[in-house]
Amino acid sequence: MESTATYLTTIEAAAYLRLKERKLYDLAAQGVIPCTRVTGKLLFPRHSLDLWLMHHLEGDRADRRAAPPVLAGSQDPLLEWAVRESGCDLALLCHGSGDGVRRLAEGDAMLAGVHLLDPESGAYNDPARLGLGAMGDLVALRWGRRRQGLLIAPGNPLAIRGLADLTRPGVVVARRQPDAGAERLLRYLLARQGVEAEALCFAHHLALSEDDLALAVRQGEANVGLGVAAAARRQGVDFLPLHWEPFDLLMRRRDYFEAPIQRLLAFTREPRFAERAAALGGYDLSEQGRVVYNA
């Protein structure tokens, strides 16, 4: 009977791939096939084996333009730290989820971090809704779930208790660029509460990242804004939780096996990655690394 476990042993993986165990050991030693070593034994993530199989069935296209080792899309404090600490050599170009989707589609980024909500369905990161439905080799991996909420000036001097308070006179709301995931989420949450976005007094300047927004609140340029718990803790502002959201990494299947992405994903299996997530706060890593879409 075929195993349905998330991680396969060498015997199970060899049977799954219809390879001899000796061949599988050779591929693992060469770093050709995705695997991890736990207490001296090799384990093979089933979803990675599926991607590896599809990659080799498709074959390499010699005529394709290689994507540059760039991580575009939304800024995430844990992802930003992991890129630095893993030594994966990915360059960060985080100008919002919408920008990341465009760069991925145009071949200007190897990886895009996104958290884009579809206001009609309430679903996140739907390739068809993102305009990526025609990308036949698109893969989405779950980075984690993040706690979104209101970042509030330290001590909450204006006694902000919820979204309805954002319409009060004198409350200045920090905002993100129009195609950022946080901006889309803010308008979605306001609509659910029956609050008109046009009734809010927004700050004059856009915050282009999670940290920019937290700093705007910290420095008094705004009284409140929507962002992630990790940014609030990092910048020392108050946090009112409102919503859990998935944050996914989008890439082409062929790029999943490139060294920068493999080094980054391998780093997420180290104990200090989970320790850092706990220290930052506001992360649920129970689905980290799961393939949530595979065209």
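The structure is a predicted model, in which local features need a pLDDT of at least 70 and side-chain atom pairs count only at pLDDT 80 or more, while totals for chains, interfaces and linings use all residues. Residues are numbered from 1 along each chain as its sequence is written, and side-chain values use heavy atoms, with hydrogens and water left out.

Helices (H or I, at least four residues) and strands (E, at least two) are DSSP runs numbered from the N terminus. In helix α1, which spans residues 10-17, the residues T10, A13, A14 and L17 are buried, where buried means under 20% relative accessible area, exposed over 50%, and partly exposed in between, with a 1.4 Å probe and protein chains only. I11 and A15, by contrast, are exposed on the face of α1 turned away from its buried side. Just after α1, R18 adopts a positive phi of about 60°.

Helix α11 (residues 259-267) has P260, I261, L264, L265 and F267 as buried residues. Viewed down the axis of α11, these fall within an arc of 160°, and therefore they line one face of the helix. The elements against which the buried residues of α11 pack are α4 (77-86), β6 (111-114), β7 (138-152), β11 (238-252), α10 (253-256) and α12 (271-280), contact being defined as heavy atoms within 4.5 Å.

Two packed helices are described by the angle between their axes and the distance between the axes. The axes of α4 and α11 come within 9 Å and cross at roughly 110°, which means that α4 is roughly perpendicular to α11. Axes are lines fitted to C-alpha atoms, for helices over the stretch in contact, with angles running from 0 to 180 degrees between N-to-C directions; angles under 35 degrees count as roughly parallel, over 145 as roughly antiparallel, 65 to 115 as roughly perpendicular and the rest as oblique. In this contact, L79, W81, A82, V83, E85 and S86 of α4 meet R263, L264 and F267 of α11.

Strand β6 is covered on both faces, with L111 and G113 buried on one side and A112 and V114 buried on the other. Strand β4 (residues 70-73) runs parallel to β6 and is joined to it by 3 bridges, pairing being assigned if DSSP finds at least two bridges between two strands. Within β6, L111 stands opposite L71. Strands β6 and β11 run antiparallel and are likewise joined by 3 bridges, and G113 has L249 in β11 as its bridge partner.

Note on methods:
Arc of directions from axis to C-beta.
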